[in-house]
Amino acid sequence: MNDRFVPRTTPADDASDPISRPAPRAAATAPAAGSCGAGGLAVPAYLSDTYTWAYLSDLGTRVFDKHLIVQAILWGNADRLIDSVVAELKPGWRVLQPACVYGDFSLRLARALGPAGRLDVRDIAPIQVALTRRKLAGVAQATVDQEDAAAPGKGPYDAVACFFLLHEVPEEYKRAIVNNMLDAVGPDGTVIFVDYHRPHAAHPLKPVMSLVFDRLEPFAKALWNNAIEDYADRPGDWTWTKTTVFGGMYQKVIARRRSQPRVTRPSRSCI
Ligand SMILES: C[S@@+](CC[C@H](N)C(=O)[O-])C[C@H]1O[C@@H](n2cnc3c(N)ncnc32)[C@H](O)[C@@H]1O
């Protein structure tokens, strides 16, 4: 039985201890009441409580859904990070993007997959689904629908592109999402996580990001302390390849299924 969907009704626990080790799986509880999309899914409390300004308001979507803004938020690294995801994809692949991303991320993925491929963009927030549908109108290989990344039963896909989602969700959601993304690919599948990472100690922007996370993004700093593979139930079943960029501030982690599962943790490479 798959019991990985562990939605929260309040972000308070994680906000008070955002850098704790990944928690063991909790029992499933009902999602908090919130606005529902056509799929009937409620927007989780952590999202409406923490991120309405960024993802759930008309103003937020108008302000942030511009490539230049995305570039600025990522200190000029958006293009290199998006390019590094695109470089992992092959034309004709079927790919899951479990959460919407501002700017032209989805369009670039869809183009890389070509007309023979398929990009399934999903998001828990109805306003984001509507926005991304407009951006991908006319792109035949793309579908956009409401779905919770923490809900099991996706795929099988050739690849998953999980771009800056994990830092925005509480710990048990991180665990559920990581495991669901791993479950969503077939035996030769590739799971790509791009997200924040602990910058080098002397990184001049580290204090700035620390302040931003403390004030606005309470679930982000956990990724400064925990490896993404730490959230996997069976990390030894996968090879984990991590590269970091911009003085360690961002990470790309590629997970591929091992043919022979291992128990010990593999070493990681850093650039
Ligand atoms: C991918 S992240 C942010 C990426 C990046 N900051 C950007 O440029 O947009 C933002 C999206 O994650 C979505 N999201 C949050 N929790 C989710 C969940 N459990 N399932 C699916 N989507 C989720 C939010 O609705 C939002 O649209």
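Predicted model: local features only at pLDDT ≥ 70, side-chain atom pairs only at ≥ 80, totals over all residues.
**Overall make-up**

I began with the chain as a whole. I counted 10 helices and seven strands in the secondary structure of the protein chain. The chain has 271 residues, and 42% of them count as buried. I then took the contacts between residues at least 6 apart in sequence and found that 72% of these join residues at least 24 apart.

**The sheet**

I traced the strand order next. The seven strands form an open sheet, E3-E2-E1-E4-E5-E7-E6, with mixed pairing. E3 and strand E6 (238-245) are the edge strands; each has a single partner strand, so one side of each lacks a neighbour in the sheet. From one strand to the next I get an average twist of 15 degrees.

I looked at two of the pairings in detail. Strand E1 (residues 94-97) runs parallel to E2, with four bridges between the two. Val95 is the residue that stands opposite Leu119 in E2. E6 and strand E7 (residues 250-257) are antiparallel and share eight bridges. Here Trp238 has Arg257 of E7 as its bridge partner. Four residues lie between E6 and E7 in this hairpin, and Phe246 in the turn shows a positive phi of about 55 degrees.

I checked what H6 covers. H6 lies across E1, E2, E3 and strand E4 (157-163), and its direction makes an angle of about 155 degrees with E2.

For helix H7 (residues 126-135) I listed the buried residues: Gln128, Val129, Leu131, Thr132 and Lys135. They fall on the same side of H7, because they span an arc of only 165 degrees around the axis.

**Ligand shell**

I counted 21 residues around the ligand, of which Ala99, Tyr102, Ala125, Ala149 and Phe164 come nearest. By class, the shell holds 17 nonpolar residues, one polar and three charged.

Phe164 needed a second look. It lies in the loop between E4 and H8, and its phi is positive, about 55 degrees, although Phe164 is not a glycine. Is Phe164 buried or exposed? I find 21 other C-beta atoms within 10 Å of Phe164, and the cut-off for burial is 20 or more, so Phe164 is buried.

**Trp75**

I found a positive phi at Trp75 as well, about 50 degrees, and Trp75 is not a glycine. Trp75 sits in the loop between helix H4 (67-73) and helix H5 (78-86). With 14 other C-beta atoms within 10 Å, Trp75 counts as partly exposed.

I placed Met181 in helix H8 (residues 171-183). Met181 is buried, because 29 other C-beta atoms lie within 10 Å. Which residues does Met181 contact, leaving aside its neighbours within four places in sequence? I found Pro98, Val160, Cys162 and Val191.

Pro156 belongs to the loop between E3 and E4. The peptide bond from Gly155 to Pro156 is cis, and I noted an omega near 10 degrees.

Key. Residues numbered from 1 in each chain as written. Buried ≥ 20, exposed ≤ 12 C-beta atoms within 10 Å, placed from the backbone. Arc of directions from axis to C-beta. Near = placed C-beta within 6 Å. Nonpolar A, V, L, I, M, F, W, Y, C, P; charged D, E, K, R; others polar. Pairing = 2+ DSSP bridges. Axes fitted to C-alpha atoms, helices over the stretch in contact; angles between N-to-C directions. Contact = placed C-beta atoms within 7 Å.
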